[in-house]
Amino acid sequence: WSILIALSIFATSFFACKKTGPTIAVISVVDSTGRAISGASVTLWQDTAVNSANGVQSSVRVTKLSDAAGKAEFEFTLEAYLNVLAVHNTDSGRAVVRLKEHESVSQTVHL
């Protein structure tokens, strides 16, 4: 009986710790002085991932505009490394963001 009790305690605690919820990337776009830039075009994409089962290259590519606080929020289902490009008028900036499954991560892009 003690083995069964120990196994059920382990199973309950193991599955209770699993995170749920969306995978979110919040990209902040700022100028050289650190002020937020609204209306910047923010694109996230993955161009190096290839599915090992079928050889198909990733086609993830999404674009949003930064809001009044200079932020653009993206929601995904899986973790990944994504390229980031922010463009406002003639200024642009690049970064990389690492998505963590079921977590919200932030990245700042300087223009």
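**Fold and salt bridges of the predicted chain**

Aspartate 31 is buried (under 20% relative accessible area, where exposed means over 50% and partly exposed lies in between, with a 1.4 Å probe and protein chains only), its own relative accessible area being 17%. The side chain of aspartate 31 meets that of arginine 35 in a salt bridge, with an N to O distance of 3.4 Å; a salt bridge is defined as a side-chain nitrogen of Lys or Arg within 4 Å of a carboxyl oxygen of Asp or Glu. Arginine 35, by contrast, is exposed at 58% relative accessibility.

The structure is a predicted model, in which local features need pLDDT of at least 70, side-chain atom pairs count only at pLDDT 80 or more, and totals for chains, interfaces and linings use all residues. Residues are numbered from 1 along each chain as its sequence is written, and side-chain values use heavy atoms, with hydrogens and water left out.

The count of salt bridges comes to 2. Arginine 98 and glutamate 79 form a salt bridge in which the closest N and O atoms are 3.9 Å apart. Arginine 98 belongs to strand β6 (residues 91–99) and glutamate 79 to the loop between β4 (71–76) and β5 (80–88), so the pair ties together parts 19 residues apart in sequence. Arginine 98 is partly exposed at 36% relative accessible area, and glutamate 79 is partly exposed at 44%.

The chain contains 1 helix and 7 strands, taken as DSSP runs numbered from the N terminus (helices H or I, at least four residues; strands E, at least two). Of the 111 residues, 30% are buried.
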